[in-house]
Amino acid sequence: YTILSKVHSDRNVYPSAGVLFVHVLEREYFKGEFPPYPKPGEISNDPITFNTNLMGYPDRPGWLRYIQRTPYSDGVLYGSPTVENVGKPTIIEITAYNRRTFETARHNLVINIMSAEVDFPLPYQAEFFIRNMNVEEMLASEVLGDFLGAVKNVWQPERLNAINITSALDRGGRVPLPINDMKEGVYVMVGADVPFSSCLREVENPQNQLRCSQEMEPVITCDKKFRTQFHIDWCKISLVDNTKQVSTFQEVIRGEGILPDGGEYKPPSDTLKSRDYYSDFLITLAVPSAIALVLFLILAYIMCCRREGVEKRNMQTPDIQLVHHSAIQKSTKELRDMSKNREIAWPLSTLPVFHPVTGEIVPPLHTDSYDNTSMPLMQTQQ
């Protein structure tokens, strides 16, 4: 573990490739960078958060992670450097923020990644999933030491190192509910120089594989050596043997869905020749328009020039039918003319007529023999 000093200077660390690297950012070492607490005599407990990034970039390298649960807890940088970064100094800018005074303090951490001691280190690697731990708890030196001690008792290697630690949330796990002190879980990968022990091989038995498929805990003889402090999910253990060179080349069997090899792709040249679109114009516009015009002329000739007319219809109709039709038309016309000239005689009202002054009933002005066809319905009162 390396801890930053309070001096504004670069801090150099020398981790090894393929070995777990842990760097703790303790709040106590950054409190001196900020003004004292306003009330003398009281203990300063300002909330402090950290921001880490690669110099000149907004984020950290891909192999380096950072975690800080609350502004009142320490921050931790952790990860496993890769062989590709050997010999390249990595400068991490660490900026501390005081959430009470909004002041900042900046330090640089220079990570000089060294190569491993041997050419092919830790060929046998095992990854365990611990359900009752969070990542910051597992990064503590005493907890990680206890876990490596338990693995060493089960594995019995000559050399055992922690390679990487990953939170279950980074593997797609869910955030646990805040009840019963539930943990998110953590993946711990360790490596050794000897083959896997028989206890670790028990997870590959068909009986245990069947129990894992049924979501049941497998029967592992060495589980009791971890159970006192660590709850291991043996169904999620991964054993990797790097000594076995597995060929990744697979011969391609050509079938219906695979096209034959056409050689190297040759893109078209940048200089394109001019193209004549006159023939395309004739095919797409002129030919359909000419066909439509011919069809229109044929239809117009049939509809306008080939009409039979009334004379041909009368010639094909019998004479007696024409006489009947003409007589019906004449009779209909006479009836219509007669109805137009007819005058309608309005009948006299049957109600009595009252005298406008005395109010007495006045008899009709005409006798019974009077022609009342031209009399109005109501007589005008004088």
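The model is predicted, so local features require pLDDT of at least 70 and side-chain atom pairs count only at pLDDT 80 or more, while totals for chains, interfaces and linings use all residues. Residues are numbered from 1 along each chain as its sequence is written, and side-chain values use heavy atoms, with hydrogens and water left out.

Me: Why is glutamate 127 called buried?
Reply: Buried means under 20% relative accessible area, exposed means over 50%, and partly exposed lies in between, as computed with a 1.4 Å probe on protein chains only. Glutamate 127 has a relative accessible area of 11%, and therefore counts as buried. This residue is found in strand 8, residues 124-130, where strands (E, at least two residues) and helices (H or I, at least four) are DSSP runs numbered from the N terminus.

Me: What makes the link between glutamate 127 and arginine 171 a polar contact?
Reply: The term asks for a pair of N or O atoms within 3.5 Å; within protein, one must be able to donate a hydrogen and the other to accept it, and residues adjacent in sequence count only if both atoms are side-chain atoms. The side chains of glutamate 127 and arginine 171 are joined at 2.5 Å. Contact in general means heavy atoms within 4.5 Å, and among the residues that glutamate 127 touches, leaving aside those up to four places away in sequence, are Tyr187, Met189 and Lys236.

Me: How do you know that glutamate 136 and arginine 69 form a salt bridge?
Reply: A salt bridge needs a side-chain nitrogen of Lys or Arg within 4 Å of a carboxyl oxygen of Asp or Glu, and the closest N and O atoms of this pair are 2.8 Å apart. The pair links distant parts of the chain, with glutamate 136 in helix 1 (residues 135-138) and arginine 69 in the loop between strand 4 (64-67) and strand 5 (75-79), 67 residues apart. Glutamate 136, at 24%, is called partly exposed, as is arginine 69 at 41%.

Me: Why is the disulfide of cysteine 199 and cysteine 222 called left-handed?
Reply: The torsion about its S-S bond is about -75 degrees, so the disulfide is left-handed. A disulfide is a pair of cysteine sulfur atoms within 2.5 Å, and here the S to S distance is 1.5 Å. Both cysteine 199 and cysteine 222 are buried.

Me: How do you know that cysteine 212 and cysteine 235 are joined by a disulfide?
Reply: Their sulfur atoms lie 2.2 Å apart, and the link, with -85 degrees about the S-S bond, is left-handed. Cysteine 212 lies in helix 4 and cysteine 235 in the loop between helix 5 and strand 11 (238-241), so the pair ties together parts that are 23 residues apart in sequence. Cysteine 235, at 35%, counts as partly exposed.

Me: Why is cysteine 304 called exposed?
Reply: Cysteine 304 has a relative accessibility of 58%, and therefore counts as exposed.
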